[in-house]
Amino acid sequence: MSVTAPQGFAAAGVAAGLKSTGKPDVAVVVNRGPLKAGAAVFTSNRAKANPILWSEVAVRDGVVEAVVLNSGGANCFTGSFGFQTTHQTAERAAELLGVSAGDVLVCSTGLIGTGDEVFRAKVLEGTTRAIAGLTPDGGEAASLAIMTTDSRPKRTVVHGDGWSIGGMAKGAGMLAPGLATMLVVLTTDAVLTAEEADAHLRAATRVSFDRLDSDGCMSTNDQVTLMVSGASGVTPDPDAFAKALREACTSLATQLQGDAEGASHDITIEVTGAASEEDAVEVGRSVARNNLFKAAVFGNDPNWGRVLAAIGTTHAAFDPYDVDVSMNGVRVCTKGGPDRPREEVDLTPRATHVGIDLKAGDACATIWTNDLTHDYVHENSAYSS
């Protein structure tokens, strides 16, 4: 269950002292080939961290030899010094691996504004030690090293016909579209071109990570990278690979949802009967970002009125007085009015399903979110200390 499950990859995770706990905080994932293709998608936040600015350029040639990741500091809004830290990290990895620095992607996660000289020294030293400790079994250690407020690592493996996909992710807060603070590395030993990898990755993230909206807060550091080794020698059926990659990304996205900071409910918002997929996404996201609705779910209150109030703020095509809403299988609202008694709805399970039928077409979409809890407020008020 790791990024080193597919053939052709090695990884490591080490403790470089970035975390006050002394836990692992620098990871490296290396593509041993024979192919060195890769693709990446990044946060759409205009405020981008230095590793994002570097990696956006580095990935353009479709070659990804390695990814260096650190937790314990975002290296965002740390000025030109911070960008040079990212550059030096890629150069250090490239020198040790015998590759070009322009083919090394860099990821950082942690507090914005963290990235001084001490940070730089620890990241560089950690990169050196991680590369020295690379192993084909190092995926688990790498997944531990990228955690911040995560309570557990996120890993996945999907097997195809003679090929496989592996993945790891971190994220427990600032989970919102564009991507959902989230770092993801995916690996495959299937034979793909960089162009194919890019197309598959964008299609998969569109219906997985981009549908995760835990707290409506978009990170400055989000990056999802797909590395292709081709070590299996098998060229996959395009539809089969697309399905497998969607499965891997969805698995990681729902693991992120399940570990969201302070959450007591994992809420699946399924919108049907929409005039378009875009309408369905907009409606689902309006509910996912509505604090009144999220607070009601925390209180185990099936307050469907807050659902209608939320979707009424959208530009989607529907009649507010011809909408059905269900919660955990009980239709509490039909045609914009009350249906079954609220007492029939059991919201005590962590898994919560909200169904919204707009009755305006045949399109649908699913958005994942969480409730708003006291623990979420406490964790994010205390995090910087």
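This is a predicted model: local features need pLDDT of at least 70, side-chain atom pairs count only at pLDDT 80 or more; totals for chains, interfaces and linings use all residues.
A disulfide here is a pair of cysteine sulfur atoms within 2.5 Å. A search of the whole structure finds 0 of them. Cysteine 249 is in no disulfide, and its nearest cysteine sulfur, that of cysteine 107, is 15 Å away. Cysteine 249 is also buried, at 0% relative accessible area.

Residues are numbered from 1 along each chain as its sequence is written, and side-chain values use heavy atoms, with hydrogens and water left out.

Start the tour at strand β1, residues 9–14. Five of its 6 residues are buried. (Helices, H or I of at least four residues, and strands, E of at least two, are DSSP runs numbered from the N terminus.) Strand β1 pairs with β2 (residues 26–31) in the antiparallel sense, over 6 bridges. Two strands pair if DSSP finds at least two bridges between them. Phenylalanine 9 stands opposite asparagine 31 of β2.

Next comes helix α1, residues 50–58. Its buried residues are Asn50, Pro51, Ile52, Trp54, Ser55 and Ala58. They pack against β3 (37–42), α2 (79–97), β5 (104–108) and β9 (223–228). Contact means heavy atoms within 4.5 Å.

Strand β9 holds threonine 225. This residue is buried, with a relative accessible area of 0%. Leaving out residues up to four places away in sequence, threonine 225 touches Ala39, Ala40, Val64, Val67, Leu105, Val184, Val185 and Leu186.

The largest cavity has a volume of about 50 Å³. The elements giving two or more residues to its lining are β4 (66–70), α2, β5 and α3 (117–132). A cavity is a set of points on a 1 Å grid over the protein atoms alone where a 1.4 Å probe fits but cannot get out; lining residues have an atom within 4 Å of a point. Grid points are joined across faces, edges and corners, and the volume is the space filled by probe spheres set on them. Among the lining residues are Val68, Thr85, Cys107 and Phe119.

Conventions. Buried means under 20% relative accessible area, exposed over 50%, partly exposed in between (1.4 Å probe, protein chains only). On a 1 Å grid over the protein atoms alone, a cavity is a set of points where a 1.4 Å probe fits but cannot get out, and a pocket is an open set with protein on both sides within 12 Å along at least five of seven lines; lining residues have an atom within 4 Å of a point.
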